[in-house]
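My notes follow, in the order I looked things up.

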Amino acid sequence: MAIKIGITGGIGSGKSIVSHLLQVMGIPVYISDAEAKRLICSDPFIRKGLQALLGKDIYSGNTLNKQLLASYLFASPEHAQIINGIIHPRVKENFRQWVHHQNNTRVVGIESAILVEAGFTDEVDVVVMIYAPEELRISRAIRRDTSSRELIEKRIQSQMNDEKKREYADFVIINDDKTPLIPQILNLMKSLRGT
C-alpha cells in the first residue's frame, strides 16, 4: 500500500508548486480542487444533492451555475457545511479509487487547501503543511488571481488559521521565497523512507 501524503496550506502558500515538484519526482498527486470541480458536474450523487438543495437551476446541462452556488455557499458557515456534506464524501471516495489505481507507486499525494477542515486527515498517513508569511501569501494570490486585496483577505479569514493548521502537520515546508524548497522536499522524502 502506498504512503499517502496530504499537502495543505492556505491560499498563496505554494501548495501547487510543491505538488508540481513532487510530480516531477515521479510522485502522483491528486489535486482535490480540480477533481471536486469535475465531480460537481459529473457525479450523479452530487448533482442530485445540489438540485435537491438549490433547485434545477443549479445546472444548465452539464454546466454548474457557479454564481448561484457561491451566493448560497458564502451566505453562512452552515450553508458551507451543507454543501461540503454533499461534495466531500464523493471526493473522498474518488480519491480512494484513484489511490487504488496508482499501481506500483510507493508514495502518492493529495493537495487540498481544506485537508484538515474537510476531514481528509484520516485518509492520509502524513500531513505536510506548506507555510508562507501572510503578507507574501496575499501578494502571490493578488498576482495569481488578479483579485483585490480585500477579497484575498476575506478568503484567508474564511480558511483555518495557519497556526491551528500547523498543529495537524507532521511536516512543515517553508515557502517564503528565501528557503529553498527542493532540499525540504528531499528531507520529507527521506523521512518517509523511514516509515
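This is a predicted model: local features need pLDDT of at least 70, side-chain atom pairs count only at pLDDT 80 or more; totals for chains, interfaces and linings use all residues.

Eleven residues of domain 1 and seven residues of domain 2 make up the contact.

**The largest core**

Next I went looking for buried nonpolar residues. In soluble globular proteins, nonpolar side chains tend to be buried together. The largest nonpolar core here has 27 residues, and I46, L50, I83 and I87 are the ones that touch the most other members. I then checked which elements give two or more residues to this core: α2 (32–42), α3 (44–54), α4 (66–73), α5 (77–100) and β5 (107–111). α5 puts in the largest share, six residues. Both domains are in on it, since at least three residues of this core come from each of domain 1 and domain 2.

I clicked on I83 and skipped anything up to four places away in sequence. That left L50, L53, L54, L69, Y72 and L73 as residues that I83 touches.

There is also a second, separate core of 19 residues, with L21, V29, I130 and F171 among them.

**α3 against α5**

How do the axes of α3 and α5 cross? They come within 9 Å of each other, at roughly 170 degrees. The cut-off for roughly antiparallel is over 145 degrees, so α3 counts as roughly antiparallel to α5. On the α3 side I listed F45, I46, G49, L50, L53 and L54. The α5 side brings I82, I83, I86, I87 and R90. Sorted by class, this contact of α3 with α5 has nine nonpolar residues, one polar and one charged.

**α4 against α5**

L69, Y72 and L73 from α4 meet H79, A80, I82 and I83 from α5.

**Jotted at the end**

I82 and I83 of α5 turn up in the contact with α3 and again in the contact with α4. I83 is also one of the residues touching the most other members of the largest core.

Notes
Residues are numbered from 1 along each chain as its sequence is written. Side-chain values use heavy atoms; hydrogens and water are left out. A nonpolar core is a set of buried Ala, Val, Leu, Ile, Met, Phe, Trp, Tyr and Cys residues joined through side-chain atoms within 4.5 Å. Buried means under 20% relative accessible area, exposed over 50%, partly exposed in between (1.4 Å probe, protein chains only). Helices (H or I, at least four residues) and strands (E, at least two) are DSSP runs, numbered from the N terminus. Domain bounds come from an automatic or database domain assignment. Contact means heavy atoms within 4.5 Å. Axes are lines fitted to C-alpha atoms, for helices over the stretch in contact, and angles run from 0 to 180 degrees between N-to-C directions. Angles under 35 degrees count as roughly parallel, over 145 as roughly antiparallel, 65 to 115 as roughly perpendicular and the rest as oblique. Ala, Val, Leu, Ile, Met, Phe, Trp, Tyr, Cys and Pro count as nonpolar, Asp, Glu, Lys and Arg as charged, and the others, Gly among them, as polar.
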